[in-house]
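Biologist: I am new to this model. Please take a close look at the ligand site, and then show me what else deserves a visit.

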Amino acid sequence: MSFSVMLEQLSSGMVKSLGIFVLTLVFSLPLGLLVAFGRMSKNRLLQNIIKVYISVLRGTPLMLQLLVVYFGPYYLFGMRIGGTYRFLAIIIGFSLNYAAYFAEIYRSGIESMPVGQYEAATVLGYNKIQCFFRIIFPQVVKRILPAVTNEVITLVKDTSLSFSLAYAEMFTIAKQIAAAQTTFMPFVVAAIFYYVFNLVVAVTMEKIEKKLSYYQ
Amino acid sequence: MNLLEMNHIRKHFDGLEVIQDISLSVGEGEILSIIGPSGSGKSTMLRCATMLEKIDAGEVLYMGERAACVTEDGRQIYPKGEEAKQIRSYFGLVFQNFNLFPHYSVMKNITDAPITIQKRKRDEVYEEARSLLKKMGLEDKENAYPCQLSGGQCQRVAIARALALNPRILFFDEPTSALDPELTGEVLKVIRSLADLQIAMVIVTHEMAFARSISDRVIFMDKGVVALEGKPDAVFDSDNGRIREFLGKIAER
Ligand SMILES: Nc1ncnc2c1ncn2[C@@H]1O[C@H](COP(=O)(O)OP(=O)(O)OP(=O)(O)O)[C@@H](O)[C@H]1O
Ligand SMILES: [Mg+2]
């Protein structure tokens, strides 16, 4: 296999990794906020359910969770798996897992907000929703950005766990080529891919951080 | 009819009676100062009046409309939705530590509530905000962010923000206590200039000379009750033991 063919195959895997990455963020960031609300809810039952959810998802390996999401429906309901469900299972698994982490980050940010901000907004006539989305949330975003950056960088690397469901993202392909051709090269290329990917992520996040540094 | 009526208010925090059956009223355009030692319940009283704190007994009325009420059998009744919004529009509150929104510019701090909550026209609100800023001596700061301002400037923005909603009554909770002494004067001057706007003001303050000169009426609170109430001269020159002791301690500082 020529180097260029290998690159081509890895690149197609890279696009799939990127897909997992983007879709996971698209779903887990809003879901995480909902989970955080549940975690901070006055409803004790909901609060405890969410506590268990967060604890289980953070306390067990993501790879195991992916396997459960993928094979669970088959063992439980005899559902036919494979085909498009493979990709769906990956997105569901990643989103549920990352939502748990993001929820705790949101919560720490929301709880760090001074109560005076809520009080000022309330007296000015903002209702709860306006107060949250206009006053509190933008400030929370700024506060949690470094923690979010950490998770996002981890996510880039975690996409490789999809190999456990034999989904043809970059790492899975790298492994296949390496095994078939008995060469170490695909791993080196994959490493460079992941690294550059993360470099872009880091630079982007830094840009956002800078953009939000107009106030303290 | 009084602008604000607070009747037989009680408030306790885990067993501690912080407000013990206080009644108080404020007329249209009246300036009332509340003085008293630390922990006497002044802030709590303002927080009850502005619906930031729930009362345990009594009722709060703005223009005869019920803002808070506790029934005989201890049920707390608070208005909801549009009714609550209407009542909130009657008053404004200036905090000791300003509580400006740090992510909003000075202009946005002032105009966001009138535009998003009162649904007023942007141009009109901006124009009004500019004239308020001018009144506050901050006409060159509309694009600044709170973190770029001094404490005194922040407090003046906070006052402008409250005024932009055209309240009938403005509450101040120690508006100069977080400021360096040299910045106190500029804020007091601004508050003084509001006296002819026909907005009623309730001012909790430790600035005795200021309270004496600006107020129509002064209330001296001590340990959760109104210990003395009357015209400024009558209160400050009273030979009541508690106020003499309080004023003595303030003078020593
Ligand atoms: N949220 C709260 N929980 C428990 N106790 C409180 C709370 N808020 C106030 N208190 C108590 O109520 C009492 C009155 O407090 P308040 O803040 O009204 O006093 P103040 O007259 O404003 O004093 P200062 O001049 O120091 O501001 C104090 O003993 C205070 O510790
Ligand atoms: Mg106080």
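Modeller: A polar contact is a pair of N or O atoms within 3.5 Å. Keep that cut-off in mind for the ligand. The model is predicted, so local features need pLDDT of at least 70, side-chain atom pairs need 80 or more, and totals for chains, interfaces and linings use all residues. Residues count from 1 along each chain, chains are lettered from A and ligands numbered from 1 as written, and side-chain values use heavy atoms, without hydrogens or water.

Start with ligand 1. A shell of 13 residues surrounds ligand 1 (a heavy atom within 4 Å). B:Ser38, B:Gly39, B:Lys42, B:Ser43 and B:Thr44 are the closest. Now look at the oxygen contacts. In the side chain of B:Ser38, an N or O atom lies 2.5 Å from a ligand oxygen. The side chain of B:Ser43 has an N or O atom 2.7 Å from an oxygen of ligand 1. B:Gly41 uses its backbone: a polar atom there is 3.0 Å from a ligand oxygen. Taken alone, ligand 1 exposes 630 Å² (Shrake-Rupley, 1.4 Å probe), and the protein buries 61% of that.

Which elements build the shell around ligand 1? In chain B, β2 (16-26) and α1 (42-49) each supply at least two residues (DSSP runs: helices at least four residues, strands at least two). The biggest share comes from α1(B), with three residues. By class, the shell has seven polar, four nonpolar and two charged residues. Here Asp, Glu, Lys and Arg count as charged, Ala, Val, Leu, Ile, Met, Phe, Trp, Tyr, Cys and Pro as nonpolar, and the others as polar.

The structure has two cavities of 30 Å³ or more. A cavity is a set of 1 Å grid points where a 1.4 Å probe fits but cannot get out, and its lining has an atom within 4 Å of a point. The second largest cavity has a volume of about 30 Å³. Its lining includes B:Leu4, B:Met6, B:Leu24, B:Phe171 and B:Val202. From chain B, β1 (4-13) and α1 each supply at least two lining residues. Once again α1(B) gives the most, three residues. The lining has nine nonpolar residues, no polar and no charged.

The largest cavity holds about 100 Å³. Of its 13 lining residues, A:Val123, A:Leu124, B:Leu93, B:Arg161 and B:Ala162 are the closest to its centre. Eleven lining residues are nonpolar, one is polar and one is charged.

Follow chain B on from β7. B:Phe98 sits in the loop between β7 and α3 (106-116). B:Phe98 has a positive phi of about 65 degrees, although it is not a glycine. Most residues other than glycine have a negative phi. At 15% relative accessibility, B:Phe98 is buried (under 20%).

A:Thr182 lies in the loop between α7 (170-181) and α8 (185-211) of chain A. Its phi is positive too, about 40 degrees, and A:Thr182 is not a glycine. A:Thr182 is exposed (over 50%), with a relative accessible area of 73%.

Conventions
Polar contact = N/O pair within 3.5 Å; in protein donor to acceptor, adjacent residues only side chain to side chain. 1 Å grid on protein atoms, 1.4 Å probe; cavity = no way out; pocket = protein on both sides within 12 Å on 5 of 7 lines; lining within 4 Å. Points joined across faces, edges and corners; volume = space filled by probe spheres on them. Buried < 20%, exposed > 50% of the residue type's maximum accessible area, 1.4 Å probe, protein only.
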